[in-house]
Amino acid sequence: MRRDGDDHEIRRHLGTANIVETDLLPIIVEYSNNSDLFDLVIRLLVNLTTPALLIYNEQPPTEKTQSQYYLQMLSHLQKYKRAFRDIN
């Protein structure tokens, strides 16, 4: 995530790939006793679930393309909330 640019391509791609729902949450459930893996996944989840408004310095973008990216990230964040709610 360190190399994610102003277009937040990596963050958006990971959201589109449903990595939180299909990979990260199942890893937490299945491997909760592996502290190194658990720590790594939690760090990634914290990064991926950072509010979109914070990523844009508390100012929603006004430029059309950036605004579309912002809305896409909001959509991903809403999916993440549902995934956490539905975790088994």
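**Notes on helix packing and the cavity**

1. Helix α2 (residues 19–30) packs on α5 at an angle of about 40 degrees, with the axes 10 Å apart. Axes here are lines fitted to C-alpha atoms, for helices over the stretch in contact, and angles run from 0 to 180 degrees between N-to-C directions. The crossing of α2 and α5 is right-handed. A crossing is left-handed if the near helix is turned anticlockwise from the far one by less than a right angle, and right-handed if clockwise.

2. The α2 side of this contact consists of Val20, Glu21 and Leu25, and the α5 side of Lys79, Tyr80, Ala83 and Phe84, where contact means heavy atoms within 4.5 Å. By class, the contact of α2 with α5 has five nonpolar, no polar and two charged residues. Ala, Val, Leu, Ile, Met, Phe, Trp, Tyr, Cys and Pro count as nonpolar, Asp, Glu, Lys and Arg as charged, and the others, Gly among them, as polar.

3. On provenance: this is a predicted model, in which local features need pLDDT of at least 70 and side-chain atom pairs count only at pLDDT 80 or more, while totals for chains, interfaces and linings use all residues. Residues are numbered from 1 along each chain as its sequence is written, and side-chain values use heavy atoms, with hydrogens and water left out.

4. The chain has five helices and zero strands, in the order α-α-α-α-α along the sequence. Helices (H or I, at least four residues) and strands (E, at least two) are DSSP runs, numbered from the N terminus. The C-alpha trace spans about 45 × 25 × 20 Å along its principal axes.

5. α2 also packs on helix α3 (residues 35–48): their axes come within 9 Å and cross at roughly 145 degrees. This crossing of α2 past α3 is left-handed. From α2 the contact takes Ile19, Val20, Leu24, Leu25, Ile27 and Ile28, and from α3 it takes Leu37, Phe38, Val41, Ile42, Leu44, Leu45 and Leu48. The contact of α2 with α3 has 13 nonpolar residues, with no polar and no charged ones.

6. For helix α1 (residues 9–16) and helix α5 (residues 64–85), the axes come within 10 Å and cross at roughly 40 degrees. That angle makes α1 oblique to α5. α1 passes α5 in a left-handed crossing. Arg11, Arg12, Leu14, Gly15 and Thr16 of α1 meet Tyr69, Gln72, Met73, His76, Lys79 and Tyr80 of α5. The residues of the contact of α1 with α5 divide into four nonpolar, four polar and three charged.

7. How many cavities of 30 Å³ or more does a search of the whole structure find? The search finds one. The largest cavity has a volume of about 60 Å³. Its lining is Arg11, Arg12, Leu48, Thr50, Ala52, Ile55, Met73, His76, Leu77 and Tyr80. α1, α4 (52–55) and α5 each give two or more residues to this lining, and α5 gives the most, with four. By class, the lining has six nonpolar, two polar and two charged residues.

8. On the cavity search: on a 1 Å grid over the protein atoms alone, a cavity is a set of points where a 1.4 Å probe fits but cannot get out, and lining residues have an atom within 4 Å of a point. Grid points are joined across faces, edges and corners, and a volume is the space filled by probe spheres set on the points.

Notes:
Parallel < 35°, antiparallel > 145°, perpendicular 65-115°, else oblique. 1 Å grid on protein atoms, 1.4 Å probe; cavity = no way out; pocket = protein on both sides within 12 Å on 5 of 7 lines; lining within 4 Å.
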